[in-house]
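Here is a short report on a predicted model.

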Amino acid sequence: MAETSSRPAPPEVDRQAASQAAVAARRARAAVKASIASREVSPLTVLDRATADPEGVEGRLRVTEFLLSVPAIGTTKMQEALDRLAISPAKRLGGLGRHQRLRLRQFLIERENRTGRQRNRLVVLAGPTAVGKGTVSSYIREHYPDVLLSVSATTRKPRPGEVDGVNYYFVDDAEFDRMIVEGELLEHATVHNAYRYGTPRAPIEKALAAGRSVLLEIDLQGARQVRASMPEARLIFLLPPTWEELVRRLIGRGTEDTAEQQRRLETAKVELAAQDEFDYKVVNHDVAEAAREVVDLMKVRAAPSRP
Ligand SMILES: Nc1nc2c(ncn2[C@@H]2O[C@H](COP(=O)(O)OP(=O)(O)O)[C@@H](O)[C@H]2O)c(=O)[nH]1
Ligand SMILES: Nc1ncnc2c1ncn2[C@@H]1O[C@H](COP(=O)(O)OP(=O)(O)O)[C@@H](O)[C@H]1O
């Protein structure tokens with residue numbers, strides 16, 4: 001008796017704690033599956049999170065339960081997909097090999113492109129300063145002429161070589177105020193605490209009505225406004241390969257002085273912290289590759305290469 005009562009309790013306490021943790025983890029996984037099923041979160045975002053943190057909630061999801069939570073995928077489609085992608089049903093998302101992950105990603109993109117045909121033509125590209133948004137957008141303008149690249153209005157002055165109506169519509173404060181009052185802007189924001197930028201609404205509505213895809217290259221505040229006013233828009237966050245590379249690109253561009261660079265890097269930290277609000281993340285290792293990923297998410301074919 002005495003021996004029993006003085007025996008240390010920890011093993012049972014450990015067991016209890018472990019089973020509580022298992023219940024909490026199961027609940028967390030169920031919540032992720034429910035948000036995929038209700039289209040609150042894109043399966044691609046879940047896959048990205050699993051890749052970033054293989055031991056996190058998303059990483060611990062079995063590939064079978066993940067696929068079954070995607071709307072309109074049942075057991076048969078799930079099994080066919082896993083066969084085709086050469087992925088074992090026992091795998092967890094966080095445990096996929098690189099090639100398996102890329103195949104699964106492509107499968108999900110193609111599926112979304114088929115099922116979301118008419119709804120997802122407006123794409124917002126945002127990301128921290130100097131990540132390469134302008135470079136990737138220009139590449140898209142050149143190589144994918146089917147995409148309309150929205151031209152923003154801004155109160156900043158043109159830089160040498162910039163053309164009114166091509167790079168931006170350069171307007172003064174009074175004109176910008178008028179555009180806001182008349183409801184001509186889909187969104188607008190003061191960027192880098194300096195000038196105002198806004199997206200003219202009319203060209204976008206016209207292009208969408210004509211069945212064209214539209215790309216907006218705007219800042220985080222603008223992206224949030226578009227999400228609120230046009231929830232069908234797809235939001236893409238462009239990421240640098242590393243923080244050091246972002247700093248290198250900003251300094252290498254050489255368009256800001258040191259104080260302005262510091263200010264932008266502070267903003268970049270805040271912006272990077274918002275990346276999980278976006279539907280997709282694309283890492284800008286290589287401009288052509290990043291552009292292709294963005295365009296894949298818009299389902300637009302490249303222009304036939306010229307002889
Ligand atoms: N919200 C919003 N941001 C914009 C718009 N156009 C450009 N921006 C953002 O404003 C910043 C442009 O900064 P700046 O260095 O002056 O111009 P850039 O050299 O053309 O990038 C970038 O972060 C853009 O994403 C717009 O229409 N709306
Ligand atoms: N994939 C890339 N690899 C290397 N340098 C890049 C890449 N993409 C962009 N850059 C360079 O990084 C700098 C910032 O790009 P930019 O398009 O101006 O960024 P943002 O529009 O996001 O502020 C430019 O000097 C550009 O040439």
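## Ligand site

In this predicted model, a polar side-chain atom of Glu 187 sits 2.7 Å from a nitrogen atom of ligand 1. An oxygen atom of ligand 1 is 3.2 Å from an N or O atom in the side chain of Arg 264. A polar backbone atom of Ile 218 lies 3.5 Å from an oxygen atom of ligand 1.

Around ligand 1 there are 16 residues (a heavy atom within 4 Å). Ser 152, Arg 159, Glu 187, Tyr 197 and Asp 219 come nearest.

## Lys 281

Lys 281 belongs to strand S9, residues 280–283 (strands are DSSP E runs of at least two residues, numbered from the N terminus). Lys 281 is buried, at 16% relative accessible area (buried is under 20%, 1.4 Å probe, protein chains only).

Its side chain makes polar contacts (N or O pairs within 3.5 Å, one able to donate a hydrogen and the other to accept it). One joins Lys 281 to the side chain of Asp 276 at 2.8 Å. Another reaches the side chain of Gln 275 at 3.3 Å.

## Helices H11 and H12

The axes of H11 (residues 243–253) and H12 (residues 258–272) come within 11 Å and cross at roughly 145° (lines fitted to C-alpha atoms over the stretch in contact; angles run from 0 to 180 degrees between N-to-C directions). Helices are DSSP H or I runs of at least four residues.

The contact (heavy atoms within 4.5 Å) includes Leu 246 and Leu 250 of H11 and Leu 265 and Ala 268 of H12.

## Conventions

Residues are numbered from 1 along each chain as written, chains are lettered from A and ligands numbered from 1 in written order. Local features need pLDDT of at least 70, side-chain atom pairs need 80 or more, and totals for chains, interfaces and linings use all residues, while side-chain values use heavy atoms, without hydrogens and water.

How values were computed. Buried < 20%, exposed > 50% of the residue type's maximum accessible area, 1.4 Å probe, protein only.
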